[in-house]
Amino acid sequence: MRKIAFLCVFFILLSGLLPVYSQESDGYVVESSSSSEITFSSDSLSDSPYGRPVYPENDGKKHYLSALAGTVIFAGGLFTYNKFILRSGWTKVTVDYARHFYEHEQKWDHDWYWTNFVLHPYQGAMAYMSGRSNNLNKIESFGLALLEDFTWEYFCETNAPSKNDLVYSSIGAFPVGEMLYRLSLEAGEINSLLGYLVNPERMVSELFTKQRPRGTVGNIYDFSLAVNAGAAWSTFGLELKTTADNQNEVFPVIGTVTLDVVYNDPFGHDSNDPYSQFHLMATGGAGKGSGDGFDSTDEKIFHDVEIISDGMLFARSPDFGENRDTTVGLVMEYDFIWNNLVQLSSLAPGFAFKQRSRHDSFDIEWESHLAGIVLGTTEYGTMYRGNLSDKVEGNREYDYTIGGEAVLRWKIKSLKGASLGLDIHGYAMYEFEDQVQEFTDTGWDLIGLGTLNAEVPLSKVVRMGVKNVTYFKKAFYQGRDGFDTYQLSDYASVYAKFQLK
């Protein structure tokens with residue numbers, strides 16, 4: 001039931017953003033940056049050549065106390081809710097426990113997957129957005145997220161300080177917080193309540209400072225809503241068993257909703273301002289279960305929550321000739337996939353090359369990213385799938401990883417709106433020694449996720465398409481002979497897409 005409740009909340013949050021970008025915005029001519037330095041100042045947004053300045057009445061002064069107050073109010077409210085409403089045992093912190101915080105040993109925790117890799121980055125993002133809403137620059141706002149994260153882990157929980165939370169609530173706070181902060185400005189132009197929905201910290205900052213946050217609007221390059229309906233199948237097996245022993249599953253009906261936001265044109269982007277260009281895709285879905293699964297809910301209901309994003313930290317637009325728009329620079333990847341078959345997350349900074357070639361009747365777009373995973377996760381196969389499971393009581397069903405991530409996207413689209421696209425994400429993940437659980441071992445996971453789609457326009461707004469998503473994973477576990485696993489899953493669907501911008 002907990003998964004069903006969170007899926008409902010996720011759908012509500014998605015639908016709340018729909019009106020934000022349904023209006024056309026004017027185009028703006030941009031100029032290339034002349035400096036090669038990455039910009040972290042509080043003026044970087046309002047001085048950006050992209051979009052137009054908003055809320056000029058903001059005096060630009062940094063309000064540190066207001067930023068701290070917003071952070072404390074949110075974190076304090078969260079702690080109070082868990083302590084007095086949910087009566088969670090981990091909230092029973094004593095003065096003596098807090099005084100000896102330096103003695104607390106850090107550990108890898110076993111929390112619910114959604115909590116660790118979505119809610120914790122969001123918690124850190126709230127502190128980050130509190131800083132940004134009070135004119136703090138990105139480094140200062142990141143420092144505020146670090147402070148909130150450290151305080152929460154060492155002084156607000158009786159649980160051991162979580163190593164993974166210390167990463168995802170701080171490093172993860174930056175991409176999540178910066179994207180939401182910028183989108184809240186766009187949303188606030190349509191309706192102030194929508195701006196508060198995307199960035200609740202604005203309510204505190206505007207109450208204390210009597211002014212709205214700085215930034216620019218008119219930056220939404222592409223915004224769409226897609227409604228998918230389809231079916232999926234999967235096969236999972238162990239090396240020590242024959243293919244006849246594989247766990248084969250069919251999910252006969254699956255429906256998903258996907259919001260896709262592109263902030264500023266990815267091609268020909270030139271900026272020192274981190275996240276002045278990003279791509280955010282959020283999916284929520286549900287369907288009929290296969291009859292097998294990790295628990296009784298998974299057996300009956302298919303659930304799917306995905307967040308795939310990348311943001312340019314630093315970008316240059318070299319000249320590769322006429323009719324070519326090119327972006328090269330540093331990128332940050334934040335991915336999260338959680339459904340009946342897959343648990344995968346990654347935080348990965350790296351390099352990106354993007355290029356669009358313009359022709360008389362069509363454009364060709366392609367991009368390639370190569371990143372190093374600071375911390376990621378993937379499901380430990382035999383802890384997650386039902387019939388072949390050797391689950392151990394108290395073990396989490398996923399492992400923490402480091403490694404590499406590669407992204408390759410290619411798309412051809414006609415000027416009339418028809419398109420054909422391919423998106424491939426590849427992960428090489430190492431399950432390292434420090435996080436190993438009982439009856440598990442270190443090892444490598446080679447993962448490929450490919451999406452092929454084609455669509456045609458029915459009108460200026462409505463498009464129809466077909467999509468196929470294939471997931472393949474091969475896991476090599478060191479020290480567990482015969483327990484290497486493989487998995488192949490496929491989801492085919494048709495979709496209606498509403499091109500809102």
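Two strands count as paired if DSSP finds at least two bridges between them, and the strands themselves are DSSP runs of E with at least two residues, while helices are runs of H or I with at least four, each numbered from the N terminus. With that in hand, welcome to this predicted model, in which local features need pLDDT of at least 70, side-chain atom pairs count only at pLDDT 80 or more, and totals for chains, interfaces and linings use all residues. Residues are numbered from 1 along each chain as its sequence is written, and side-chain values use heavy atoms, leaving out hydrogens and water.

Let us start with the barrel. It is closed and has 12 strands, running β3-β4-β5-β6-β7-β8-β9-β10-β11-β12-β13-β14 with antiparallel pairing. On average, neighbouring strands of this sheet are turned by 20° against each other, direction ignored; axes here are lines fitted to C-alpha atoms, for helices over the stretch in contact, and angles run from 0 to 180 degrees between N-to-C directions. For a look at one pair, take β6 (residues 301-316) and β7 (residues 324-339), which run antiparallel and are joined by 12 bridges. Glu306, for example, has Ile337 in β7 as its bridge partner.

Two helices lie across these strands. Helix α7 (residues 173-190) lies across β3, β4, β5, β6, β7 and β8, at about 95° to β5.

Now for some single residues. Asn219 sits in the loop between β2 and β3. Asn219 counts as buried because its relative accessibility is 2%, where buried means under 20% relative accessible area, exposed over 50% and partly exposed in between (1.4 Å probe, protein chains only). Among the residues that Asn219 touches, leaving aside those up to four places away in sequence, are Tyr50, Glu186 and Tyr263; contact means heavy atoms within 4.5 Å.

Tyr471, in strand β13 (residues 462-477), is also buried, at 5% relative accessibility. Ser489 is 18 residues away along the chain, yet the C-alpha atoms of Tyr471 and Ser489 are separated by 5.1 Å. Beyond residues up to four places away in sequence, the contacts of Tyr471 include Val342, Glu379, Ile447 and Ser489.

Finally, which strand does Leu452 lie in? Leu452 belongs to β12 (residues 443-457), and with a relative accessible area of 46% Leu452 is partly exposed.
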